[in-house]
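Open the model in your viewer and keep the selection tool at hand. This tour goes from stop to stop.

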Amino acid sequence: MYLKKSKLVWVVLVSLLVLVLSGCGTNNEVKPIISQNTDTKTERSLTIAASFYPMYIFTLNITRDVPDVNVVSLTKPTTGCLHDYAVTPDDMKNLEGAQILVINGAGMESFMDKVISQIPDLKVIDSSQGIPLIQGDGDEGDNPHVWLSVTNAIAQVKTIGAQLASLDPPHASKYQENTQAYIEKLEALRTKMHQTLDGVQQPNIVTFHEAFPYFAKEFNLNTVGVIEREPGSAPSAKELSETIEQIKTLEIKALFAEPQYPTKAADTIAKETGAKVYILDPIVTGPMEADAYVNLMESNLITLQEALK
């Protein structure tokens, strides 16, 4: 049976809800979760919380058919990227019942730092460990959107799989088997995308916000403009004018908005430049299905194939 949390945890969590924290990880030493005998007849299931949508999809694949393992998304699947996110009571309820938390890391879940520090028994898996990070503009720190590079996604899946195997030794072989099977799917996806995108005639792109640097680096695309530095923060008149001028100068024909946000600014730029607006998904919302990452990335591939021809 897995470690039983103190009843005081919930009190601590509720008290922390008054904090409004923002972010775009926390590292715990990986040690096996040791069984504790609270009921000799009933074994507790292992609950794994994933911080947000892509981490949930990765973890879902790695834990497929593992007995007595329950995966929950800490945030709602409609939350999107965790910019300026504040913890909710529902989030705390999900976390209170978990023994393991899987995070993206690279600063994405910094809003959780104080909460996590109050739960010493919670094992945190930082899936971005070891991935070279891209520096954001200005004082923004590292860009956390590492999962949009398929190569980085593979590295994250390897990290999650290896640490779950260490934390839950009785099911280690199943975690390892699932991890390898999912990696093979991701490797096939990566090959397919490179075959289509390598050597495109128009590698310059303008994106909605800075979610795609790792994606662009993976597929040798050049992000020459960003419409909104932060989602929901409309560009100033100066920024809009500069973006329009750059698009005209570089003769860019495609702008990439995101399905999670309004396209008003992109539509304005398109009207002034003659460029067409396409939808590129940062994979922060979607169906709660194991194949969602692969399917959404393949949809992105179809969009890019049309936009960059």
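**Before you start.** This is a predicted model: local features need pLDDT of at least 70, side-chain atom pairs count only at pLDDT 80 or more, and totals for chains, interfaces and linings use all residues. Residues are numbered from 1 along each chain as its sequence is written, and side-chain values use heavy atoms, with hydrogens and water left out.

**Stop 1: strand β3.** Select residues 100-103, which form strand β3. Helices (H or I, at least four residues) and strands (E, at least two) are DSSP runs, numbered from the N terminus. Which way do the side chains point? Ile 100 and Val 102 point one way, Leu 101 and Ile 103 the other way. All are buried, meaning under 20% relative accessible area, with exposed over 50% and partly exposed in between (1.4 Å probe, protein chains only). In a regular strand, side chains alternate between the two faces of the sheet.

Two strands pair if DSSP finds at least two bridges between them. Ala 50 has Val 102 of β3 as its bridge partner. Ile 103 is partnered with Asp 126 in β4.

**Stop 2: helix α2.** Select residues 53-62. How many of the ten residues are buried? Nine are, so the helix is mostly covered. Among the buried ones are Tyr 53, Pro 54, Met 55 and Phe 58. The cover includes β1, β2 (69-73), β3, α5, α6 and α10 (292-307).

**Stop 3: helices α5 and α6.** Show α5 (residues 150-167) and α6 (residues 172-197). Their axes come within 9 Å and cross at roughly 180°. Axes are lines fitted to C-alpha atoms, for helices over the stretch in contact, and angles run from 0 to 180 degrees between N-to-C directions. That makes α5 roughly antiparallel to α6, a label for angles over 145 degrees. The contact (heavy atoms within 4.5 Å) includes Val 150, Ile 154 and Leu 164 of α5 and Tyr 175, Leu 186 and Met 193 of α6. Its residues divide into 13 nonpolar, four polar and three charged. Here Ala, Val, Leu, Ile, Met, Phe, Trp, Tyr, Cys and Pro count as nonpolar, Asp, Glu, Lys and Arg as charged, and the others, Gly among them, as polar.

Stay on α5 and pick Thr 159. Thr 159 counts as buried, at 16% relative accessibility. Leaving aside neighbours within four places in sequence, Thr 159 is in contact with Ile 125, Asp 126, Ser 127 and Gln 129.

**Stop 4: a four-stranded sheet.** Select the open sheet with the order β8-β7-β9-β10 and parallel pairing. The edge strands, β8 (222-226) and β10 (276-279), each pair on one side only. The twist averages 35° from one strand to the next. Four bridges join β9 (residues 254-257) to β10. Phe 256 has Tyr 278 of β10 as its bridge partner.

Helix α9 (residues 264-273) lies across β9 and β10, at about 170° to β9. Helix α10 also lies across β9 and β10, at about 165° to β10.

**Last stop: Asn 204.** Pick Asn 204 in strand β7 (residues 204-207). Is Asn 204 buried or exposed? Asn 204 is buried, with a relative accessible area of 17%. Its side chain makes a polar contact with the side chain of Asn 222 (3.2 Å). A polar contact is a pair of N or O atoms within 3.5 Å; within protein, one must be able to donate a hydrogen and the other to accept it, and residues adjacent in sequence count only if both atoms are side-chain atoms. Not counting residues up to four places away in sequence, Asn 204 touches Asn 222, Val 224, Ile 252 and Leu 308.

Technical notes:
Angles under 35 degrees count as roughly parallel, over 145 as roughly antiparallel, 65 to 115 as roughly perpendicular and the rest as oblique.
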